[in-house]
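Subject: Structure for your review

Dear colleague,

Please find below the structure that I am handing over to you. My findings follow directly after it.

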Amino acid sequence: MVKLSVVIITFNEERNIGRCIDSVKDIADDILILDSYSTDKTEEIAKAKGARFVQHVFDGHIEQKNRAISLALYPYILSLDADEALDDVLKSEIIKVKKNWTHDGYEMNRLTNYCGKWIKHSGWYPDTKLRLWDSRKGRWTGINPHDKYEMDSNATITKLKGNILHYSYYTIHDHIKQVNYFTEIAANAYYQKGKKSSLPKILLSPVIKFIRDYFLKLGILDGYYGLIICIISSHATFIKYVKLKQLWDKQS
């Protein structure tokens with residue numbers, strides 16, 4: 001049976017970290033928390049539950065997640081966010097994988113809880129994630145804050161049953177606050193890569209985003225919160241391109 005390291009990056013996650021650790025303690029041989037100097041009880045809770053706790057200044061989601069892998073005790077990695085947990089089906093699947101590791105990477109669905117409701121449409125489900133892998137066969141890439149794990153071209157990947165349970169936003173205020181934070185990071189990342197915005201993109205991209213998520217991705221079936229999610233998501237697209245345009249305008 002392979003030994004598995006679970007790695008989690010945190011910053012002020014006292015509300016979530018205990019649930020996350022509890023969901024993996026039966027499958028993990030090593031639980032590493034890489035923290036960005038939390039000021040709440042994250043450290044106290046993590047240590048009380050037996051996790052290794054390391055701190056480093058946050059320099060980007062991609063950078064921090066790759067750093068966490070480098071600190072893991074074992075090359076076989078399960079990477080989770082602090083607001084995530086494993087359901088029982090997925091835990092059973094991972095135990096089977098540990099006993100018979102046949103692929104380089106394993107994907108799984110992520111089911112999000114929004115203000116107490118599980119969202120099964122709206123472009124938020126199945127939200128397949130690659131989170132279990134042999135770290136010698138890949139690395140975190142992408143554009144902050146939208147990181148993704150990229151396996152080597154010859155790596156083999158399969159999908160597991162079950163879900164990562166994502167406890168994303170407890171209130172609509174949390175969602176809007178996060179949108180402002182993420183759009184700031186995304187706009188700056190796009191700017192650094194030379195990507196540009198324009199008035200047509202600012203006006204049309206949010207509309208396309210809403211139509212896709214609410215109608216084509218069946219957000220309408222998620223009821224009231226489906227509507228809220230799709231509106232806020234389209235607004236986030238609008239804000240991201242407005243902020244990007246502002247960055248370029250400052251240089252002109």
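Is Tyr37 buried, partly exposed or exposed? With a relative accessible area of 44%, Tyr37 is partly exposed, because that value falls between the limits of 20% and 50%. Please bear in mind throughout that this is a predicted model.

Backbone features

Ser122 is found in the loop between strand 7 and strand 8. Its relative accessibility is 1%, so Ser122 counts as buried.

The loop between strand 7 (117–119) and strand 8 (129–134) is also the place of Pro126. The peptide bond that leads from Tyr125 into Pro126 is cis, with omega near 15°. A cis peptide bond also joins Asn144 to Pro145, here with omega near 5°. Pro145 is found in the loop between strand 9 (138–143) and strand 10 (146–151).

Overall architecture

The chain contains seven helices and 11 strands. For 252 residues, a compact globule would have a radius of gyration near 18 Å, and the 19 Å of the chain agrees with this. The C-alpha trace spans about 55 × 40 × 40 Å along its principal axes. Of the 252 residues, 50% count as buried. Among the contacts with a separation of 6 or more, 73% come from residues 24 or more positions apart.

Cysteines

How many disulfides does the structure hold? The number is zero. Cys230 is in no disulfide, and the nearest cysteine sulfur, that of Cys115, is 14 Å away. A disulfide would require the two sulfur atoms to be within 2.5 Å. Cys230 has a relative accessible area of 1% and is therefore buried. Cys20 counts as buried too, because its relative accessibility is 0%.

A buried histidine

His175 is found in helix 5 (residues 172–192). Its relative accessible area is 3%, and so this histidine is buried. Which residues does His175 touch, not counting those up to four places away in sequence? They are Tyr114, Trp124, Tyr169, Ile229 and Ile232.

Rolling a probe the size of a water molecule over the atoms shows where empty space is left. The structure holds one cavity of 30 Å³ or more. The volume of the largest cavity is about 30 Å³. Which elements give two or more residues to the lining of the largest cavity? They are strand 1 (4–10), helix 3 (61–71) and strand 4 (76–81). The lining residues are Val7, Ile8, Ile9, Lys65, Ala68, Ser79, Leu80 and Asp81. By class, five of the lining residues are nonpolar, one is polar and two are charged.

With kind regards

Key
Residues are numbered from 1 along each chain as its sequence is written. This is a predicted model: local features need pLDDT of at least 70, side-chain atom pairs count only at pLDDT 80 or more; totals for chains, interfaces and linings use all residues. Side-chain values use heavy atoms; hydrogens and water are left out. Buried means under 20% relative accessible area, exposed over 50%, partly exposed in between (1.4 Å probe, protein chains only). On a 1 Å grid over the protein atoms alone, a cavity is a set of points where a 1.4 Å probe fits but cannot get out, and a pocket is an open set with protein on both sides within 12 Å along at least five of seven lines; lining residues have an atom within 4 Å of a point. Grid points are joined across faces, edges and corners, and a volume is the space filled by probe spheres set on the points. Helices (H or I, at least four residues) and strands (E, at least two) are DSSP runs, numbered from the N terminus. Ala, Val, Leu, Ile, Met, Phe, Trp, Tyr, Cys and Pro count as nonpolar, Asp, Glu, Lys and Arg as charged, and the others, Gly among them, as polar. The radius of gyration is taken over C-alpha atoms; the globule rule is 2.2 Å times the number of residues to the power 0.38. Contact means heavy atoms within 4.5 Å.
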